[in-house]
There are 2 protein chains.
Amino acid sequence: MENSLLAYKNREVMITGGLGFIGSHLARKLVSLGARVTIVDSLIPEYGGNMRNVKDLKEKLQINISDVRDMFSMKFLIKGKDFLFNLAGQTSHMDSMSDPFTDLEINCKAQLSILEMCRNYNPGVRIVYASTRQIYGKPEYLPIDEKHHLHPVDVNGINKMAGEWYHILYNNVYGISASALRLTNIYGPGMRIKDARQTFLGVWIKSLIEGNPIDVWGGEQLRDFNFVDDVVDAILLTGTEEKAAGKIYNLGGERTVSLKELAQMCIAAYGKGEYRIIPFPADRKKIDIGDYYADYKSINQETGWYPKVSLEQGINTTIHYFQENFSFYL
Amino acid sequence: MENSLLAYKNREVMITGGLGFIGSHLARKLVSLGARVTIVDSLIPEYGGNMRNVKDLKEKLQINISDVRDMFSMKFLIKGKDFLFNLAGQTSHMDSMSDPFTDLEINCKAQLSILEMCRNYNPGVRIVYASTRQIYGKPEYLPIDEKHHLHPVDVNGINKMAGEWYHILYNNVYGISASALRLTNIYGPGMRIKDARQTFLGVWIKSLIEGNPIDVWGGEQLRDFNFVDDVVDAILLTGTEEKAAGKIYNLGGERTVSLKELAQMCIAAYGKGEYRIIPFPADRKKIDIGDYYADYKSINQETGWYPKVSLEQGINTTIHYFQENFSFYL
């Protein structure tokens, strides 16, 4: 499986959202594979970009601070790239509801604009787009495969659904090779912990390290998780697989876990701490999706990908990282 | 079934796209039912608005020329309305591909903005949104019911899909009562005939009256059609049905017909003319959806709606109208 990653050696790769949690891990791996990496990131404080994520990489890649909404910088930057890993996005449910227009600008308009720039200036580029399991909404059955209906439950989900489809459309109509990965909950070193804009798990880790109890809403809901290194593998394998053009794949975890169990695992990894169960707030209850976990058979069959890092191992690594680097993520 | 339409008497009704083909017929019916109607239309030349469509109505309703992208006019106009029939949209496949951003502004951003204005200034309004069967893409089975996957094949389809989901979301999260109708091919007096921006049938009628042969692409594809009066009925019945809140319904025709057969019917109705079969152009072939016809059982069961006007009768009425009013639609 790793052999196909040799394809990245000496290739020009652009990562939008490259200073973010996933983007920076992807950049590190690509640098180690010998790729010439350009990171594009807006460093908007509410989003995931953080210079700390690339402190070991600054001499080894290009960092271009700009916004995917800036069509002119995208036009310049996309030229000559072999791969585009398109990870930039607004990810917060709450922000998408309080300011739906900004979510639309980033998750729809900027995506269309990036694709138009590819069509006009670099139609041979290979694109992998980071979509999300959020667009499935409340599961009709479990585990969810890619044939499951899409029933997004917030503005962010609707816009991400459109953003994903733009990519597939440009693949189908204009032959710009694009794939989409519907990511599930992702965690690891460098994840956003200062608030719940990416995942609730980030806030849990912050509470733990600050000595506060972890607030678990509900607690019995089942979820699946991917350690960030596994997500990086999925992105890179998809990027080199010709069969993946025009395809949408779920990622999924190596196991499912209840939120309560996950809280217990975090506490065990940290060595101390406590959690408390909080009843679901009324305004959240309306958009609660209950249990969720994915069927990732499709990407497994077509690229060989599967999640390799166990939840215990991943949680340990993550908590250890934040113990060392806590102040850079507040 | 008509009894429920008495609910519109003396009620305040706003119709976006009200000078367009469907909007103007809807306005006429509402005026006859005793509603106080405000038409909102941008009169953008490439879209469906045409003052000729309301020549008999000007004294009986309010006409406000403005654009759904103009948030401030929407904010003012939505206040105090009991019903919003939200029909304004960019409908052209070709325009959505050549200028995806304008399609996004109208079919996504303006829809979000209208819904935000409802949420802030008139959360009790009842909304019916005009969606489209285009978002299904190429059928996986026939007839297509509402459980069919959405696989839009152009930018317009993706944006209309998002626009529909914003309405359902605002219903589910904020309790703003909204329904969406996925319209199939619609025809009747006042349809756009000067180009194919609404339907190919419009162009056929123009060719016929100008003495040119009708160009039929392919010819064997099956389609269903609704006469505009049936669509107006569906919109009005949906607007008064409480069970319809948060629902999406297909409309569909009373029969299916091949395009070749339809061309023959048009020629029979006009009394003369001819058609020629044109092979599908290569750039269109990629997005050709083959046969399409809908299952409209869901709206039938919940509102009693069914299409009453036969295709022969509807085509006759339509062609007769354009014989009398041709010059106003060129």
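**Note on the predicted two-chain model**

1. In this predicted model, B:Ile15 is in contact with B:Gly23, B:Leu26, B:Ala27, B:Val37, B:Ile39, B:Val40, B:Phe85 and B:Leu87, leaving aside residues up to four places away in sequence. B:Ile15 and A:Ile15 are the residues with the most contacts inside the largest nonpolar core, which has 184 residues.

2. Chain A contains an open sheet of seven strands, paired in parallel, in the order β3-β2-β1-β4-β5-β6-β10. The edges are held by β3 (62-65) and β10 (248-250) of chain A; each has a single partner strand, so one side of each is left without a neighbour in the sheet. From one strand to the next, the twist averages 20°.

3. Within that sheet, β1 (residues 12-16) and β2 (residues 36-41) of chain A pair in the parallel sense over five bridges. A:Glu12 has A:Arg36 as its bridge partner in β2(A).

4. Chain B brings 22 residues to the contact and chain A brings 21 residues. On the side of chain B that touches chain A, α4 (100-121) and α5 (155-174) of chain B each supply at least two residues. The most come from α5(B), which gives ten residues. By type, the residues on this side of chain B are 16 nonpolar, two polar and four charged.

Notes. Residues numbered from 1 in each chain as written. Chains lettered and ligands numbered in written order. Predicted model: local features only at pLDDT ≥ 70, side-chain atom pairs only at ≥ 80, totals over all residues. Core = buried A, V, L, I, M, F, W, Y, C linked by C-beta atoms within 7 Å. Buried ≥ 20, exposed ≤ 12 C-beta atoms within 10 Å, placed from the backbone. Contact = placed C-beta atoms within 7 Å. Helix = DSSP H or I, 4+ residues; strand = E, 2+ residues; numbered from the N terminus. Nonpolar A, V, L, I, M, F, W, Y, C, P; charged D, E, K, R; others polar. Pairing = 2+ DSSP bridges. Axes fitted to C-alpha atoms, helices over the stretch in contact; angles between N-to-C directions.
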